[in-house]
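Colleague: Could you walk me through this one slowly?

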Amino acid sequence: MSETTTTAITLSEPDDGRRHTTNLGRIVSRMRRQPGTIVAGAFILFLATVALLAPVVAPYDPTQVFLDNVLEPPSAQFLLGTDDLGRDQLSRLIYGSQIVLLVALGAVIIAAVIGVPLGLVFGFNGGWWDRIGMRFVDMAQALPGMLIGITVVAILGRNIVILMFAIGLIGASLFARMTRAVVLVERNKLYVEAAEVAGLPRRQIIFGQILPNLVGPIVTQGSVFLGSAIMIESAMSFLGIGLPSEIPTWGAMLSLALDNQAVAPHLTWPPGIAIVLTVLAFSVFGDGLNDALTGERKRLPRLGLRLAQAEEERAARAATSVSTAPGAVTGTATAVVHGDDAVLVTHDVSVALAMPDRSQTRIVKNASLTVAKGEIVGLLGESGSGKSTFARAVLGMLPPGTWLASGSIRLLGEELAHRQERELSHVRGTRMAAVFQDPMNALSPVHTVGMQLTEPLRLHKGMNRTQARTRAVELLERVGVRNALARLDDYPHQFSGGMAQRVAIAMALAADPELLIADEATSALDVTTQAQVLDLILDLRDEYGMGVLMITHSLGVVAETCDRAAVMYRGRIVEDSPVATLFSEPRHLYTRSLLDANPANAETSGRLVTIDGDLRVEIDGLIDQLDAEEDAR
Amino acid sequence: MTGDLHTSATPLLDVRSLSVGYELPAGLLGRRKVVPAVEDVSFTISHGETLGFVGESGSGKSTVGKAILRLVPPLAGHIVFDGRDVADDGARAPLSYRRDVQAVFQDPAASLNPRQLASHAIETTLRRHGVTDRIEIRSRTLEAFEMVGLTRDHLQRFPNELSGGQQQRVAIARALVLQPRLVVCDEAVSALDLSTQGQIINLLGDLQAATGVSYLFIAHDLGLVRHIAHRVGVMSAGSLVELASTEQIFDAPQHPYTRRLLGATPSSHPDGRDERRARRQAFRDASSVVLEAP
């Protein structure tokens, strides 16, 4: 079998505790890094302990009446004073926490039990289920929550279960709406189709496949709603429609304090502070939980994760494969020297990335690349090689968590490295422009194409409205959009993928750029559209004489369009040659392997050459050697 | 790898005059509109054969795959699998059909449940298909993982802890664990890196040699299809415009659309690219004249 080399790879179990076998472990470790969440969590824990141990901690029975000590201010005997019947405030507060937590927890559970299945059913079934069901949810949400609460209590009477039910009903619509929103996204994911293909019944798909993906949002929503439930409970008790008055609740205590505010102002503070702190704690905790579940994953650049994985795999390969002595082939990257017609000259550009464990690593290492006027230079590499990061460094648009560590980036002789964002933005609007993989991301969905084309023209070129519109039509016609004048008033979603990419190119052209950066600009398009867009870029280069930096993972794109190409691997440019040389006499081992592995290259229907096992180890060895040489210097 | 394709007289899958459409939700009073995605498509897949399906996005090639997988209902036509027309089945496909016909999708990250361990996908499938013994489930899962070049260590990982190639291997393991007879590979390698693509294609070839499974290999990249397919079908605007052996499609394409598709496929070497560009330009000029004529 071909997979012998791969099968031989056994990843040693990392013992540094970085990987958690469960999602829960990961979430907990993330939450530990959020001080606010820890404080809120500690408070909630404290509150829960006090509530559980109320009979032990409370100095008195909450209903015990001391007729001699009515409305007494705080003293040694009654730490928080007494109320109008001479009951100990502290004990009532402590016992009140039991009720508050019980009602809130019960309400959240009831809200989730009613809301989540409704949301699942509406979201998954869609159609009439969804349309009619959601109208009811809308109606329920339009009613003031308190009104629902009052009605339920008025009909069913005042006791703790009914109160939970009343508050739960208020929250159910929130849960239903949130669940439906998540399900609508999840049900279109491929794993749901895969489950269908596996023959799983609908019930199991909803509850076994989709529900686990809802746990995060549900827990978060639950925690936040706990705070709201406490507030509603307190408000209802305050208004005297909560629980019977002999049961101590914070809301009722507050109500009582208000009646006696003139004589005993100290009574307002304890329940007031308790309510505020508890509601706050649950909200902060819920927020932190949400961050731990999703936020950090977002904040931590995907790049970092991917890189860590790649490093780990590489280490594993090196550990298990027979290591060949590196140095058999040394690829030295030589930059072609250009005279005055150089548009972009980068020298020793390094980009650093902050890793999850707070260390740094360089994801682009000493990359030097030159683009001349009218030249199309390819930057070829696999995903994670650092090619897009390099492009973003040139554009001054590095993603958060990464920064330009060293090097010089000169555009038309002007140094761009370490310039202010405002200046870079002007440079991007006038002298360099970029086209990215997904045109729909580059275009704003809420504005017409005309608006998006004319705005930069007016901003950077000082045109008036009519001039800008005329120019926009010219540009659209130039990139091959038929019926350009009429299409100015269309929105991006009315364009097909290929046409949208043409519009994105027109937007880039609006700047009259000297340098166009095309970052995987045709990767999402199918072959026929790709050929058209590539031809367009070639035509525009011939016409305007701009330099083009073509970032791509496709050998075919390089072969068809580039004059010169650089090959990037693990953040390094390993080879930089004229395109004919690159394909006919590749110098670096990695380039040779890539060419061999190109499915379009092998003419027969035999096995494909792959880059793995010993070959990968050998290539990695070459890179490691370069790294080591540099460190030594 | 080719083997003898015609060992049995009846093909494994026989698709006859298949039409599929998507219903558009109409307004309150308007009639429901059906947008045809696939019209009158017929082809067969033999035992142990790989049929490649190529075409632009929107050409209907994925819809054909979905109809075979019973993810979309056909409007008309027959899908005869192993002598039985599955187009007649009701809303739900019988479990035996699910066992025989499996799928590998384009985006490996999305086709695995992000909240479940890699092994879970395979265990659920096994359990659904009547394997109840815990030890047997565990051993068969490991067996499936090893078959696709993964190790015991990968079982206990979440999808986001696996690389794209590893994720796709898990998806292939899930598809093959039931020993299906047909696997629909819908752009199964398109999202992967060049070097990983090669590995997965080799893997699919090896598994076919070992188990005799048939593939419907859907892709927009002709270069990939060439390696794995015995025959290639070319889809354009919902119709199958050409269906021939791989050699014939590449060496002597008959339909103009096939020729255009081949012309648009980037070459593996820069030699002669100026001529290719000129040819594409000439073709475009010609077609735009046709389009703009009244």
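Colleague: How many bridges join strand E3 of chain B to strand E9 of chain B, and do they run parallel or antiparallel?

Modeller: Four bridges join E3 (residues 50-54) to E9 (residues 231-236) in chain B, and the two strands run parallel. This is a predicted model, where local features need pLDDT of at least 70, side-chain atom pairs count only at pLDDT 80 or more, and totals for chains, interfaces and linings use all residues. Residues are numbered from 1 along each chain as its sequence is written, while chains are lettered from A and ligands numbered from 1 in the order in which they are written.

Colleague: Which residue is the bridge partner of B:Phe53 in E9(B)?

Modeller: That partner is B:Gly233.

Colleague: And what is the strand order of the open sheet in chain B?

Modeller: The order is E6-E7-E8-E3-E9-E10, six strands with mixed pairing; strands are DSSP runs of E with at least two residues, helices are runs of H or I with at least four, both numbered from the N terminus, and two strands pair if DSSP finds at least two bridges between them. The edge strands of chain B are E6 (101-104) and E10 (239-245), each pairing on one side only.

Colleague: Changing topic, how many residues does each chain bring to the contact?

Modeller: Chain B brings 56 residues and chain A brings 55, with contact meaning that C-beta atoms, placed from the backbone, lie within 7 Å.

Colleague: Which element of chain B gives the most to the side that touches chain A?

Modeller: Helix H7 of chain B (194-211) gives the most to that side, with nine residues.

How values were computed: Contact = placed C-beta atoms within 7 Å.
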